[in-house]
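Me: I have a structure open on my screen and would like to walk through it with you. Please keep the answers plain, and I will jump between topics as I go.

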Number of protein chains: 2
Amino acid sequence: MSQPPFLSVSRRTRSTPFTRRVTENGVSAYTVYNHMLLPTVFETVEADYHHLKKHVQVWDVACERQVEVRGPDARELVQWVTPRSLRKMQDDQCYYIPMVNDKGGMLNDPVAVKISDDRFWVSLADSDMLYWLKGLAIGKNLNVDVFEPDVSPLGVQGPKSDDLMADIVGDCIRDLGFFRHRQYNIGGKDYLVARSGWSKQGGFEIYLEGTENGEQVWDILFEAGEKYNVRAGCPNGIERIEGGLLSHGNDMTEENSPFECGLGKYCHNEAMNICIGGDALRAEKKTGPKQIIRGLTLSGARVPSCVNPWPITNEKGDRVGQVTGAAWSPDFGANIGIGMVDKNHWDYGTNLTVEATDGNRLATVGPLPFESV
Amino acid sequence: MSQPPFLSVSRRTRSTPFTRRVTENGVSAYTVYNHMLLPTVFETVEADYHHLKKHVQVWDVACERQVEVRGPDARELVQWVTPRSLRKMQDDQCYYIPMVNDKGGMLNDPVAVKISDDRFWVSLADSDMLYWLKGLAIGKNLNVDVFEPDVSPLGVQGPKSDDLMADIVGDCIRDLGFFRHRQYNIGGKDYLVARSGWSKQGGFEIYLEGTENGEQVWDILFEAGEKYNVRAGCPNGIERIEGGLLSHGNDMTEENSPFECGLGKYCHNEAMNICIGGDALRAEKKTGPKQIIRGLTLSGARVPSCVNPWPITNEKGDRVGQVTGAAWSPDFGANIGIGMVDKNHWDYGTNLTVEATDGNRLATVGPLPFESV
């Protein structure tokens with residue numbers, strides 16, 4: 001497609017507490033994520049990228065819907081669905097957790113926010129894990145409530161995030177550790193704020209409770225942010241590849257294991273002994289995965305957008321992987337991509353061919369995140 | 001929004017077996033439905049409407065993803081999730097089934113396709129019931145496989161559907177009953193075809209098995225359809241309101257019971273005794289629902305698109321309902337809408353006020369589907 005199609009918005013593609021502000025700030029494209037609008041472009045992807053890496057942006061990531069798991073069996077349920085051990089998880093911690101099906105395939109890669117042993121928020125990537133968690137709980141008769149609370153994350157991302165947030169809630173926020181959370185007062189109301197977010201530029205996520213408070217919090221950020229050149233932004237298709245941030249549904253699906261996604265460090269023996277899909281994961285841990293996610297640098301002129309996976313082939317023409325995201329990186333001065341590469345070809349420095357939409361390109365395998373190219 | 005935003009397509013907003021053909025046929029807008037592209041407009045909504053009601057259209061409704069439930073406990077699992085009794089369901093039948101949560105709220109309103117007692121396809125509206133069914137099965141340790149097969153429905157809708165399909169598979173298809181299915185040979189391969197579809201113009205849904213066969217079947221329909229003025233089409237926002245076809249996520253959500261949605265006839269005592277949410281449904285059946293879905297005719301000039309619900313108020317200004325879909329109907333020569341109306345105001349002929357995006361309108365309550373206005 002030369003020009004992207006239009007999106008028909010409806011109640012079903014849910015608006016967020018921030019949608020009116022996002023519109024006022026000139027959003028030009030959306031995707032739909034967890035049945036909700038997620039902005040994808042304001043000015044251009046490249047202009048948004050440069051701004052993100054220099055200043056601070058406010059991101060409507062309300063589509064990171066929460067599943068609240070609450071009750072005496074909350075921890076048991078959350079531990080049942082992930083191979084990552086929650087044993088040492090503290091009440092102010094966020095854990096990035098692979099969630100897998102009974103064959104060990106990636107269902108989602110949410111951030112679990114622990115509030116207490118009997119209360120978690122699971123902050124989702126794009127699949128309805130509400131029904132998975134709830135179905136398991138009902139099927140097993142667990143003593144737990146599972147529901148979607150009125151909680152909408154608002155991202156504050158970019159190198160000036162600390163300065164902006166400190167101006168609003170005080171310097172104490174500078175001490176908040178990575179993937180830790182605490183309550184902070186914004187506009188007279190306490191919100192859970194975590195040092196997290198889907199960029200490598202630093203920043204926070206404000207877990208807005210109460211749709212009716214969305215515009216007030218947004219406005220406070222923009223008023224205080226004026227001197228930091230704050231803008232409305234969104235997860236950026238270039239920056240996320242540079243940073244090696246995985247996108248569930250793009251870079252990985254249920255067909256992929258956590259090991260293939262480079263998430264083996266989140267597969268713990270004690271957890272694999274009890275979680276769904278643990279048998280399959282333990283078996284794969286012994287043999288190692290057959291393919292793994294890698295960074296790839298691609299030769300030639302600016303790559304087009306990678307909508308459907310681009311095959312990766314070796315010198316014999318055999319398919320040995322696929323690229324699932326690609327972009328021209330202005331800072332690296334190169335085309336960079338992300339994709340799965342088969343075992344015999346995944347060593348850094350291996351040269352392969354990528355069959356992009358507009359023709360073949362030479363590709364070199366490298367690490368994620370990109371360090372230099 | 002005066003002009004709709006653009007949609008950023010990606011692997012995550014899955015393409016279908018027919019996307020290339022849909023693009024070639026001039027799709028101009030999409031929505032995302034079950035993580036998949038669903039066309040919403042080709043020429044204009046109104047031009048598409050007139051064509052649909054006169055001729056025959058081919059609809060890419062691959063986004064009606066299937067959950068296959070297979071194994072000795074298949075029927076037990078499907079019956080567990082719906083208050084509609086499956087006792088009399090035959091192996092060539094499709095049932096429209098409300099699926100409800102533990103409080104009786106509408107999770108989805110799929111069409112269940114029974115192939116045999118140990119094999120069902122559940123053809124979904126827009127929520128990941130795959131995880132609900134699979135979570136319940138794992139939690140309860142049922143002997144059943146639950147998965148998404150490579151099956152993509154292709155709609156053939158409009159008054160000339162029978163003629164078109166008869167030319168392709170033979171006159172025997174004229175005898176296929178409503179919501180019945182059979183295997184028909186198209187292009188050398190047998191496919192399940194049902195007399196069903198999300199319009200009131202008559203037609204079929206071909207359950208395409210095998211992504212690789214999509215374009216062949218599409219092309220066969222277009223070749224044979226030339227003399228019937230076949231076009232690419234899609235669910236139509238005007239026709240579906242005229243016909244009273246409900247849209248889950250728009251007209252109803254988990255907050256609504258089947259009784260509120262006018263689906264009380266699909267809540268059977270024997271099934272409510274065993275299904276999830278049955279207690280809540282039995283209690284509501286005794287008292288009756290507090291609100292119900294209705295047709296509404298709206299005064300004034302052409303209504304704008306209804307993205308967020310429009311409040312319905314009575315003469316005192318109290319909120320007594322909401323409109324969740326609205327359109328100018330050329331054939332009725334009136335603005336028609338669909339929405340929930342509270343008990344004391346739901347009688348046909350009641351006059352109320354609808355607070356549309358562009359101002360208040362007089363509204364009159366009536367039946368669904370619309371008969372005349």
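Reply: One definition first: helices, of at least four residues, and strands, of at least two, are DSSP runs numbered from the N terminus. With that numbering, P369(B) is found in the segment after strand 22 of chain B, which covers 359-366. Please keep in mind that this is a predicted model.

Me: Which bond joins L368(B) and P369(B), then?
Reply: A cis peptide bond joins L368(B) to P369(B), and its omega is about -10 degrees. In chain A, the peptide bond from L368(A) to P369(A) is cis as well, with omega near -10 degrees, and P369(A) lies in the segment after strand 22 (359-366) of chain A.

Me: And what is phi of F179(A)?
Reply: Phi of F179(A) is near 60 degrees, which is a positive value in a residue other than glycine. F179(A) sits in the loop of chain A that runs between helix 5 (161-169) and strand 13 (181-186).

Me: Changing topic: how many helices and strands are in chain A, and what does its C-alpha trace span?
Reply: Chain A has nine helices and 22 strands, and its C-alpha trace spans about 65 × 50 × 40 Å along the principal axes. The radius of gyration of chain A is 21 Å, which agrees with a compact globule, because such a globule of 373 residues would have a value near 21 Å.

Me: Which strand of chain B is joined to strand 1 of chain A?
Reply: Strand 1 (residues 6-7) of chain A is joined by two bridges to strand 2 of chain B, and these strands run parallel. L7(A) has Y30(B), in strand 2 of chain B, as its bridge partner.

Me: What about the barrel: which strands of chain B close into it?
Reply: Six strands of chain B close into the barrel in the order 17-20-19-18-21-22, with antiparallel pairing. From one strand to the next, the twist averages 40 degrees. Strand 17 (residues 291-298) and strand 20 (residues 334-342) of chain B are joined by eight bridges, and L296(B) stands opposite G337(B) of strand 20.

Me: Where does strand 9 of chain B pair?
Reply: Strand 9 (residues 111-116) of chain B runs antiparallel to strand 6 (residues 94-96) of chain B, over three bridges. It also pairs in the antiparallel sense with strand 10 (residues 119-123) of chain B, over five bridges, and a hairpin joins strand 9 to strand 10 of chain B through two residues. V113(B) stands opposite W121(B) in strand 10 of chain B.

Me: Last one: at what angle do helix 5 and helix 6 of chain B pack?
Reply: Helix 5 (residues 161-169) and helix 6 (residues 214-225) of chain B pack at about 110 degrees, with their axes 10 Å apart. That makes helix 5 of chain B roughly perpendicular to helix 6 of chain B, and their crossing is right-handed. From helix 5, L164(B), D167(B) and I168(B) meet I220(B), L221(B), A224(B) and G225(B) of helix 6. By class, this contact has five nonpolar, one polar and one charged residues.

Conventions. Residues numbered from 1 in each chain as written. Chains lettered and ligands numbered in written order. Predicted model: local features only at pLDDT ≥ 70, side-chain atom pairs only at ≥ 80, totals over all residues. Pairing = 2+ DSSP bridges. Axes fitted to C-alpha atoms, helices over the stretch in contact; angles between N-to-C directions. Parallel < 35°, antiparallel > 145°, perpendicular 65-115°, else oblique. Left-handed = near helix turned anticlockwise from the far one by under 90°. Contact = placed C-beta atoms within 7 Å. Nonpolar A, V, L, I, M, F, W, Y, C, P; charged D, E, K, R; others polar. Rg over C-alpha atoms; globule rule 2.2 N^0.38 Å.
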